[in-house]
Amino acid sequence: MYGNAQAIAGLAKKAGRTGLQERFEHKARQLKDKIKELLWDEKDGFYKVIPQESREQEIESFDFCKIPEGRNVKELIGYIPWAFRLEDRGTDRTWSYLTEEDYFYTKYGLTTAEKSHSGYMKPCEKHGCLWNGPVWPFATTQVLNSRILYCQGKEKSGDELFMRILSDYADSHYRINEQGEKINWLDENIDPDTGNWLSREILKNWEWPKEKGGYERGKDYNHSAFCDLILRGIAGICVEEDKVTVNPLLPEGMWDYFRAENIPLKKHNWTICYDKTGEQYGNGEGFFIYMDGQLVHWSEEITKIMLQSK
């Protein structure tokens, strides 16, 4: 809702509708203040939601110290405020939950609810889509998107946390078929303990019921936004009004080279390239940015650079 209000205000500004712009800027400020006031748990350094038994049930208190343990839980959606630039703070503790095995980290990806909670992976016989622990590509994308925006607001290039999560995410894009072959695959969610595609396994055991989506419902699950994470994260592309900022999150020394080419941005064709030795692409050593085939930036190391593009 905050993102929607900001977007409408921006469009109203472009259209010269000052009254509408001010109305939705006010809505955005109100939402931002309320989200920070009510959903931020200072003790845990984390944004939370308060699960209710029904939509009609009133929330008695937003004080997380007074909320029963069974309803006080850290979920992966707690990182979404950064995806809309609603939040710029974030303690080391906030982000460390992503790498701790008591919270969200598994070798198969990030769980959607903290592993130490009593409701984690609680069985539910009637549902094939559970968000109480399974690893969802959609949720992982949201977290990585938030981390991109959080890091790109800083001067320092490179982020090992982003690369660690993205690498685990990339490793999950497969399954072992009935012939024992490893094949490219993206489905709905992953069992955090086995690495199997969980919803697929459940639906298969139910013999692919049509009312649940039928055969291979989750194949080619279209929520991963994987290419977007590569271009905006590793290549570091950030597009704004009249400029393109390139701030790669690939740490220096982690890879010897990468190249993203023919990227259409702001009516231009861009190529972003890093070659540690100069031997991979034959254009010399260092970090290069080309616009319409012309070199517009070179540096010895991967750096943050802002380029005008009208």
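Let's start in a loop: Glu-216 sits between α7 (198–205) and α8 (226–234). Helices (H or I, at least four residues) and strands (E, at least two) are DSSP runs, numbered from the N terminus. This is a predicted model, in which local features need pLDDT of at least 70 and side-chain atom pairs count only at pLDDT 80 or more, while totals for chains, interfaces and linings use all residues. Residues are numbered from 1 along each chain as its sequence is written, and side-chain values use heavy atoms, with hydrogens and water left out.

**Glu-216 and Arg-200**

- Glu-216 is buried, with a relative accessible area of 12%; buried means under 20% relative accessible area, exposed over 50%, and partly exposed in between (1.4 Å probe, protein chains only).
- Leaving aside neighbours within four places in sequence, Glu-216 is in contact with Arg-175, Trp-185, Asp-187, Arg-200 and Trp-208, where contact means heavy atoms within 4.5 Å.
- Glu-216 and Pro-137 are 79 residues apart along the chain, and their C-alpha atoms are separated by 17 Å.

**Helix α5 against α6**

- The axes of α5 (residues 137–152) and α6 (residues 160–171) come within 10 Å and cross at roughly 160°. Axes are lines fitted to C-alpha atoms, for helices over the stretch in contact, and angles run from 0 to 180 degrees between N-to-C directions.
- α5 and α6 are therefore roughly antiparallel to each other; angles under 35 degrees count as roughly parallel, over 145 as roughly antiparallel, 65 to 115 as roughly perpendicular and the rest as oblique.
- α5 passes α6 in a left-handed crossing, meaning that the near helix is turned anticlockwise from the far one by less than a right angle (clockwise would be right-handed).
- On the α5 side, Pro-137, Thr-140, Thr-141, Leu-144, Arg-147 and Ile-148 meet Leu-161, Phe-162, Ile-165, Leu-166 and Tyr-169 of α6.
- By class, this contact of α5 with α6 has eight nonpolar, two polar and one charged residues. Ala, Val, Leu, Ile, Met, Phe, Trp, Tyr, Cys and Pro count as nonpolar, Asp, Glu, Lys and Arg as charged, and the others, Gly among them, as polar.

**Helix α5 against α8**

- Here the axes of α5 and α8 come within 10 Å and cross at roughly 15°, so the two helices are roughly parallel to each other.
- The contact brings together Thr-141, Leu-144, Asn-145, Ile-148, Leu-149 and Gln-152 of α5 with Leu-229, Arg-232 and Gly-233 of α8.
- Its residues divide into four nonpolar, four polar and one charged.

**The four-stranded sheet**

- An open sheet has the strand order β9-β10-β11-β12, with antiparallel pairing; two strands pair if DSSP finds at least two bridges between them.
- β9 (257–265) and β12 (294–299) stand at the edges with a single partner strand each, so one side of each is left without a neighbour in the sheet.
- Seven bridges join β9 to β10 (residues 268–275), with Tyr-257 opposite Asp-275 and Pro-264 opposite Asn-269.
- β9 and β10 form a hairpin with two residues between them, and Lys-266 in the turn has a positive phi of about 55°.
- Six bridges join β10 to β11 (residues 286–291), where Tyr-274 stands opposite Phe-287.
- β10 is mostly covered, with six of its eight residues buried.
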